[in-house]
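User: I'm new to this one and would like to get my bearings. Could you show me the structure and then take my questions?

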Amino acid sequence: MSSVATPAPTGDTTRRRRRRGTKLQRRQTRLAWLLLLPSLLVVAFVAIYPLGKTVYQSFTNQEFLAGITPTKWVGLDNYHQLIHDTIFRDSVVLTLKFTLITVAIEFALGLTIALVVNSKFRGRGVMRAIMLVPWAIPTVVAAKMWLWMLDDTFGVINDLAIRLHLISHSQSWVTQHPLAVVCAVDIWKTTPFVALLLLAGLQVIPEDLYEAAAVDGANKLQQFWRITFPLLRPAILVVLIFRSLDALRVFDVFQVFFGNRLGQQSMAVVAQGTIVQDGHVGYGAALCVAIFLIISLFVVIYVTVVRVGDE
Amino acid sequence: MKHRRLLILAGVVGVVALVASLSVVAAGSAKPTAAQHATAMAAPKVPNAAAIRKKYGGQKITFVGDSVGNGHVRDTALAKRFTKDTGIKVSVVPHPSASDASYAQLARAFSSKSSSIDVAMLDVVWPGAFAPYLVNLKPKLGKQSKLHAAGIVANDTINGKLVAMPWFGDYGILYYRTDLLKKYGYSKPPTTWNQLFQMAAKIQAGEQKTNPNFAGFVFQGNAYEGLTCDALEWIASAGGGHMIDGGKATINNAKAATVLDAFRNQVGKTMPRGVTTYQEDQTEHAFDNGDAAFARNWPYQYGIGAGAGSKVAGKFSVTVLPHGASGKSVGTVGGWQLGVSKYSKHKDAAIEFVRYMTSPAVEKFDAITNSNVPTIQSVAKNKAVVAANPYLKPAIADVPRVTRPAKYLKTHYNEASKVIYQGINQILNGTPAKSVLPGVQAKLNQILKQK
């Protein structure tokens with residue numbers, strides 16, 4: 001691609017060489033495009049088409065069940081409604097809070113666990129396996145399990161707490177501390193994933209760096225800040241991006257825990273409810289576009305941070 | 001060597017996860033009261049089974065059925081019998097226990113023209129919304145429909161087409177502990193909500209000394225369809241209208257606000273704090289576990305409470321719901337219909353299944369084993385049925401019924417009901433009615449305009 005911009009040739013030999021090079025380059029470029037084509041088509045089919053269709057639908061009044069109202073173009077009506085939608089606004093704030101809390105705690109816990117299971121001790125393999133169990137359980141199953149454990153009539157958590165004399169009678173955790181319990185479940189579930197990614201990052205740091213540092217008289221803390229942390233930075237960024245995006249589009253835990261309770265809906269729950277329960281595909285699509293833009297904002301911020309960090 | 005260790009590791013994780021999820025699934029299905037009850041009486045025989053077998057034997061249909069109480073046990077028993085007699089295979093899939101969630105599930109299936117559902121159970125408020133996707137049953141089941149209550153058949157007839165068959169009826173009733181009323185010096189159940197709160201407070205204060213989890217009153221307070229039904233009873237019984245009257249939202253009125261605030265003030269006092277998360281099953285569980293003095297629920301709870309596995313068998317009774325200071329007792333009309341999907345590949349076999357499921361013999365079976373309200377009058381008056389279901393006695397069964405405002409909302413009912421139950425749930429969670437109801441009323445009027 002850069003061949004177009006090359007300055008004018010200065011002599012016969014260079015020209016010939018350049019032309020040969022151009023031919024080769026062109027052939028290679030063509031081949032590259034050819035090889036990329038299948039994956040580009042797949043991306044277009046699974047990402048660009050649905051996204052485009054959602055954007056298109058967000059400008060219509062389409063309904064979920066056909067035959068209720070004829071679909072027509074409504075311009076920016078949906079977006080106008082969206083600006084004044086307090087339910088969606090509340091869900092954005094709640095989702096951002098959820099993201100901030102869970103990602104911060106998951107990162108702190110995940111890094112600690114990764115450092116522990118990265119050190120050599122007996123039973124390390126078993127430990128690594130056990131650590132992954134919460135991550136291996138489907139989210140809906142895990143959420144339902146926790147909901148039952150937290151239940152105010154038959155929940156095991158109340159039972160244990162009463163037996164240990166921590167509380168006098170059953171608490172309704174889910175209504176009294178909604179954000180705390182939902183964050184706790186998410187942290188329980190995804191900390192292993194964070195730990196796993198960071199562990200992979202830790203394993204590529206060469207052992208001799210630490211040996212050299214030890215010879216130079218660096219203590220453990222200095223080794224961590226001067227060697228581990230900087231070399232782990234790429235892994236940390238990957239973890240933060242993955243977890244933030246995941247947390248921003250959280251659906252299952254909120255759906256299982258709170259269903260349609262006002263003020264306790266994540267962005268995705270509101271969008272799903274608008275489309276499937278209320279039947280407003282058009283307005284729901286506008287909500288989805290808004291969610292997409294909010295998440296994109298985070299991606300832009302993270303990618304910028306990575307770029308700046310690299311330079 | 002390294003790889004093998006990794007494989008073993010992955011294996012261990014997989015096995016542990018599998019065991020964990022299986023135990024969750026097992027815990028979910030391990031309902032104490034389920035099986036024994038429905039097997040006490042055998043599922044009735046299918047009439048004309050041989051003729052049906054000849055025509056449709058070997059076909060496979062899917063029935064999206066009940067999931068509340070012992071409903072799934074009943075469905076499976078009846079489907080098994082039907083398959084045995086006719087050779088039509090029926091796979092029974094329980095629907096989500098929140099009715100609005102199962103509406104969403106059906107809407108998804110219908111909008112994608114899916115043939116995966118042949119027969120579905122439909123809430124009494126849905127036929128209007130789903131009519132375009134349902135088979136007209138009049139040609140084949142018109143005669144049988146005449147046995148059923150005319151009001152429900154009319155509800156299920158859209159533009160002259162019988163889009164669903166009545167299956168069982170429902171109305172809200174009050175369950176109360178006879179032993180505890182006696183213990184605390186009450187001779188009869190409460191007639192007003194305030195009486196109920198007072199009695200609940202006294203009984204709860206006494207019972208909590210030995211059972212810290214005891215609550216005065218439980219009902220369906222979660223943000224879902226059930227709360228719309230419950231709140232309609234509170235508001236209508238206090239003279240506050242029916243949420244929407246004459247095509248206009250009326251929910252924002254002083255009487256409605258008073259009764260809703262009265263309920264709000266009881267949450268965390270005579271009602272458990274968690275009541276704002278309760279659906280039918282949690283209500284039934286709390287009451288049948290001996291953890292509540294009063295409960296509002298549908299008739300199905302009677303059979304479970306009286307059955308084996310219940311801690312309150314013989315210690316409770318039912319009556320009409322209390323009313324507000326200036327109103328009359330009412331009961332919200334619920335109930336379920338069976339419809340056949342237009343996209344079914346075996347419509348005729350599906351219709352035969354509906355014929356069987358809505359026959360007098362099956363309704364009698366359902367009423368006796370599951371305490372569901374028969375929609376066939378002759379069954380509802382049958383001595384054996386009334387003996388098993390005291391709520392069918394005229395004093396309770398003749399209570400004025402109130403209907404959810406579906407007729408004004410048609411296809412927008414689900415959306416409007418969501419606005420209502422979200423608002424009421426917000427009130428129960430502590431927001432004063434006067435700052436919630438104006439918003440609910442405005443949104444309802446906006447939805448009413450959409451038509």
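Analyst: A quick term before we start: two strands pair if DSSP finds at least two bridges between them. Helices (H or I, at least four residues) and strands (E, at least two) are DSSP runs, numbered from the N terminus. This is a predicted model, where local features need pLDDT of at least 70, side-chain atom pairs count only at pLDDT 80 or more, and totals for chains, interfaces and linings use all residues. Residues are numbered from 1 along each chain as its sequence is written, while chains are lettered from A and ligands numbered from 1 in the order in which they are written.

User: Which residue of strand 13 of chain B does B:V119 stand opposite?

Analyst: Strand 3 (residues 119–123) of chain B runs antiparallel to strand 13 of chain B, and 5 bridges join them. Within strand 13 of chain B, the residue opposite B:V119 is B:V340.

User: And what is the bridge partner of B:D170 in strand 13 of chain B?

Analyst: Strand 6 (residues 165–171) of chain B also pairs with strand 13 of chain B, in the antiparallel sense, over 6 bridges. For B:D170, the partner in strand 13 of chain B is B:G334.

User: What about strand 15 of chain B: which of its residues is the bridge partner of B:G331?

Analyst: Here the sense is parallel: strand 13 and strand 15 (residues 401–402) of chain B pair over 2 bridges. The partner of B:G331 in strand 15 of chain B is B:R401.

User: How many residues of strand 13 of chain B are buried?

Analyst: A residue is buried if 20 or more other C-beta atoms lie within 10 Å of its own, exposed if 12 or fewer, and partly exposed in between, with C-beta atoms placed from the backbone. Strand 13 (residues 331–340) of chain B is mostly covered, and its buried count is 10 of 10.

User: Which helix of chain B gives the largest share of the side of domain 1 that touches domain 2?

Analyst: By an automatic or database domain assignment, chain B splits into domain 1 (38–171 + 334–397) and domain 2 (173–332 + 401–450). Their contact takes 23 residues from domain 1 and 29 residues from domain 2 of chain B, where two residues are in contact if their C-beta atoms, placed from the backbone, lie within 7 Å. On the domain 1 side, helix 5 (99–111), helix 6 (127–130), strand 6 and helix 16 (360–370) of chain B each supply at least two residues. The largest share, 3 residues, comes from helix 5 of chain B.

User: How far apart do the C-alpha centres of the two domains of chain A lie?

Analyst: In chain A, domain 1 covers 2–57 and domain 2 covers 84–310. Their C-alpha centres are separated by 39 Å.

User: Which helix gives the largest share of the side of chain B that touches chain A?

Analyst: The contact takes 40 residues from chain B and 33 residues from chain A. Helix 1 (2–29), helix 5, helix 13 (280–288) and helix 21 (413–428) of chain B are the elements giving two or more residues to the chain B side. Among these, the largest share, 10 residues, comes from helix 1 of chain B.

User: Which strands stand at the edges of the open sheet in chain B?

Analyst: Four strands form that open sheet in the order 8-11-7-12, with mixed pairing. One side of each edge strand is left without a neighbour in the sheet because each has a single partner strand; these are strand 8 (215–218) and strand 12 (316–319) of chain B.

User: Last one: how many residues does the largest nonpolar core have?

Analyst: A nonpolar core is a set of buried Ala, Val, Leu, Ile, Met, Phe, Trp, Tyr and Cys residues joined through C-beta atoms within 7 Å. Those with the most contacts inside the largest one are B:F217, B:V218, B:F294, B:F353 and B:V354. Not counting residues up to four places away in sequence, B:V354 touches B:V119, B:L137, B:L141, B:M165, B:L338 and B:V340. The number of residues in the largest core is 178.
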